[in-house]
Amino acid sequence: MTEPGPRTAPSRVRTDIAHNARVWNYWLGGSDHYPVDRVVGDRVTDLYPSIGEVARADRAFLGRAVRHLAGDVGTGQFLDIGTGLPTADNTHEIAQHTAPDARVVYVDNDPIVLAHARSLLTSSPEGATEYIAADARDPERILRGAGRTLDLGRPVAVMMLGILNFILDTEEARSIVRTLMDSLPSGSHLVLTHPTSELGGEGNEAAMRFWNENATPPITARSRSEFASFLDGMDVLEPGIVSCSRWRSGSASRNPGVAQFGAVGRKP
Ligand SMILES: C[S@@+](CC[C@H](N)C(=O)[O-])C[C@H]1O[C@@H](n2cnc3c(N)ncnc32)[C@H](O)[C@@H]1O
């Protein structure tokens with residue numbers, strides 16, 4: 001495992017302030033959270049009752065996207081940035097279920113995710129998994145670390161689910177995506193989810209304000225056009241930019257959709 005560098009979060013797990021990875025785990029029904037996370041998580045749910053549904057829809061999208069890429073597309077390499085705490089159906093489990101030789105590198109900057117990383121390193125014998133403690137704001141360092149496990153001369157699926165919303169400056173977020181995708185060959189993919197104040201997410205604004213006053217890291221929603229700009233220059237796979245719960249879910253017509261964009265782009 002790569003040691004935390006200067007751009008990583010403090011290595012001490014802080015239990016006096018709610019942390020995103022732990023609250024997300026709480027909303028997903030996991031057990032890796034502290035009282036402060038539950039208090040903030042419940043207050044956010046009071047303000048925005050569909051947040052639990054958003055978290056579950058995001059994970060379900062992750063499963064469908066990884067199965068599609070590992071199976072139909074034949075992508076054998078995944079770089080999952082903003083991994084979150086281990087839960088059911090982590091990226092390597094889904095990918096290696098379809099393609100046992102899939103190689104997966106996880107990246108997160110939260111010390112509690114690092115503390116639980118062992119559960120993410122249960123690779124199939126044919127494949128590989130690795131964990132890098134690093135900040136998304138340092139994509140060069142992530143690429144250097146990932147290159148020890150992945151062949152960066154071959155296509156990679158870069159997964160950034162629910163993480164660009166923590167890079168508050170949109171130009172900085174775009175630059176991170178560009179640095180990553182510019183370093184990877186044609187046929188690489190970018191898998192994204194991101195909260196929005198569109199798609200019925202207006203009610204999330206008060207919840208996000210509460211979050212930013214009481215928890216860490218601060219978060220922002222983005223419009224469809226801001227989200228689309230992360231995919232500039234890429235071919236966006238069908239069905240395009242939609243609520244992540246409607247992406248290839250087979251129930252799009254019946255599914256009203258959560259306020260979280262999801263999309264997969266392919267580098268031409
Ligand atoms: C909302 S969770 C999403 C987890 C997972 N990708 C999913 O979709 O279920 C966001 C994750 O991103 C991590 N994160 C937030 N900001 C980050 C940053 N600047 N660098 C690396 N990881 C970050 C958090 O620690 C958390 O684990």
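Tutor: One term before we start: two strands pair if DSSP finds at least two bridges between them. Also, this is a predicted model.

Student: Okay. How do strand E9 and E10 pair, and over how many bridges?
Tutor: In the antiparallel sense, over two bridges. Strand E9 covers residues 242-243. The bridge partner of Val-242 in E10 is Gly-262.

Student: What about E6 and E10, how many bridges there?
Tutor: Seven, again in the antiparallel sense. Pro-195 stands opposite Gln-260 in E10.

Student: And strand E8?
Tutor: Strand E8, residues 235-236, pairs with E10 over two bridges, in the antiparallel sense. Val-236 stands opposite Gly-265.

Student: How many of the seven residues of E10 are buried?
Tutor: Six, so to speak mostly covered.

Student: New topic: helix H7. Which residues of H7 are buried?
Tutor: Thr-170, Ala-173, Ile-176, Val-177, Leu-180 and Met-181. Seen down the axis of H7, they fall within an arc of 125°, so they line one face of the helix.

Student: What covers them?
Tutor: The cover includes strand E2, helix H6, strand E5, strand E6 and helix H9.

Student: What happens at the start of H7?
Tutor: A side-chain oxygen of Asp-169 comes within 3.1 Å of the backbone nitrogen of Glu-171.

Student: Last one. How many residues are in the largest nonpolar core?
Tutor: It has 51 residues. Val-44 and Phe-61 are among those with the most contacts inside it. Helix H3 gives the largest share, 10 residues.

Student: Which residues does Val-44 touch?
Tutor: Leaving out residues up to four places away in sequence, Val-44 touches Trp-27, Ile-51, Ala-207, Phe-210 and Trp-211.

Definitions and conventions:
Residues numbered from 1 in each chain as written. Predicted model: local features only at pLDDT ≥ 70, side-chain atom pairs only at ≥ 80, totals over all residues. Heavy atoms only, no water. Buried < 20%, exposed > 50% of the residue type's maximum accessible area, 1.4 Å probe, protein only. Helix = DSSP H or I, 4+ residues; strand = E, 2+ residues; numbered from the N terminus. Arc of directions from axis to C-beta. Contact = heavy atoms within 4.5 Å. Polar contact = N/O pair within 3.5 Å; in protein donor to acceptor, adjacent residues only side chain to side chain. Core = buried A, V, L, I, M, F, W, Y, C linked by side-chain atoms within 4.5 Å.
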